[in-house]
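Here's a quick tour of the model on your screen.

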Amino acid sequence: MPTYKSFDLTLGDISYLLDQMHDALRIMRYDLNGHPIYGYIDASGTPHDLGTFDQITANYSANSGDPLTDPLAIYAGARAANGFRIPTGFFNNLINSTTWTWGATNDPFPRLVPADYSHHTLQNLSNSAAVTYQAAHPSATIMADSTSLYQNQNQTVIDYTPRMITQTVSSSYFDPPTGVSLSAMERIEAANPGFITDSLTSVYSDGSTHTENVIRNLNTLPGDPSTSGIFTLFGQFFDHGLDFIDKGGQGSKIIIPLSPDDPLYRAPSWADPGNTTITISRATPDDYTVTDLHGRQLSIAGADNAWGTADDLNAPGADGVYGTGDDIHAATEKPASVVYTNHTSPYIDQSQSYGSDSQTTYLLREWVVDPTYTGATGGADADRESFHVRSAGHL
């Protein structure tokens with residue numbers, strides 16, 4: 001049986017963390033427009049405001065030695081370990097003012113090469129997935145070469161090949177149901193027993209038995225454990241702390257038809273809509289949408305999802321709010337390039353847990369009164385009371 005190491009957080013640990021907040025950039029307060037006022041608290045506990053991000057940038061003077069004009073002066077050096085992460089990712093690199101936003105949230109992804117949507121697997125229109133979907137949706141357009149649809153972010157694409165590739169390379173069924181073909185991984189196993197390193201069998205609530213096959217990433221060093229499914233789950237969780245883009249704003253989809261011999265396929269009936277596709281929303285480029293009063297995205301290209309037509313959403317009208325009756329509709333030019341903004345800080349900073357803006361962080365890290373604490377009685381309880389006051393004031 002595995003053993004677990006206890007995790008103890010002492011008052012000394014908390015004091016150390018609180019000490020990091022001295023002589024380190026932080027958000028001191030907000031102005032009337034909700035903009036953060038940055039500053040720091042010196043070793044004596046005296047607070048100092050430096051201004052908004054724009055004000056600090058405008059006042060910047062390299063190597064001035066004065067925090068008011070060069071925030072680096074607060075620290076022992078650019079690589080000093082003291083301080084806490086600012087949720088937006090600002091000021092992680094203090095070499096000069098041009099690096100203050102490196103890795104900050106809401107920063108467009110840099111594009112190193114032009115976008116190319118032609119490198120994808122072409123569809124075989126006689127494939128059972130395509131044939132079945134077309135029969136159920138006679139008006140749908142399935143193209144052997146979907147390059148033109150992929151290139152247009154406002155268009156919905158019907159493409160069975162992503163699921164076909166998955167099923168060809170690696171399926172969870174080594175002993176599949178009747179009519180379900182073996183994957184490449186399972187065909188290799190049949191010819192070379194031992195290729196699949198693990199088979200895990202589970203009994204579902206309906207009594208059916210399912211087997212998942214795994215090619216384990218075997219350890220290469222003595223004592224080094226091999227990876228497992230939890231490695232994949234953690235990787236997915238980890239990735240969500242590095243990048244997050246808008247999706248679905250312009251309404252276009254990627255529809256992946258399922259073949260009737262796919263384990264995920266479930267034929268529709270009068271009582272069951274079935275499961276015949278995997279449908280995902282396409283990523284939303286910058287300047288393809290606007291938001292209404294409730295924060296919902298509206299496609300600028302209009303209901304026809306075509307730019308340069310009369311139903312394009314051109315301006316919000318006299319009330320200054322999109323999504324109301326006085327919106328101005330007129331032909332609007334499509335953005336010259338496709339740009340996506342990263343809405344999370346790409347630093348490894350647990351932003352997927354604590355957010356990439358101050359409001360979310362404060363909400364998730366809000367300290368509450370310990371219901372078992374009845375007040376200080378001296379000694380350890382006095383320290384505990386002090387800790388309660390300090391945590392409420394600083395975290």
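## The whole chain

Accessible areas come from the Shrake-Rupley method with a 1.4 Å probe, and for residues only the protein chains shown count as cover. On that basis, the protein chain has an accessible surface of about 24200 Å², with 57% of it belonging to carbon and sulfur atoms. Of its 395 residues, 28% count as buried (under 20% relative accessible area; exposed is over 50%, partly exposed in between; 1.4 Å probe, protein chains only).

This is a predicted model: local features need pLDDT of at least 70, side-chain atom pairs count only at pLDDT 80 or more, and totals for chains, interfaces and linings use all residues. Residues are numbered from 1 along each chain as its sequence is written, and side-chain values use heavy atoms, with hydrogens and water left out.

## A three-stranded sheet

The chain has 10 helices and 14 strands, taken as DSSP runs numbered from the N terminus (helices H or I, at least four residues; strands E, at least two). Three of the strands make an open sheet with mixed pairing, in the order β5-β8-β9.

Strands β8 (residues 253–257) and β9 run antiparallel and are joined by five bridges.

## T276 in the loop

T276 sits in the loop between β8 and β9. Why is T276 called partly exposed? Because its relative accessible area is 24%.

Beyond its neighbours within four places in sequence, T276 is in contact (heavy atoms within 4.5 Å) with I256, P257, L258, Y265, R266 and P268. T276 and Y133 are 143 residues apart in sequence, with 7.8 Å between their C-alphas.

Technical notes. Pairing = 2+ DSSP bridges.
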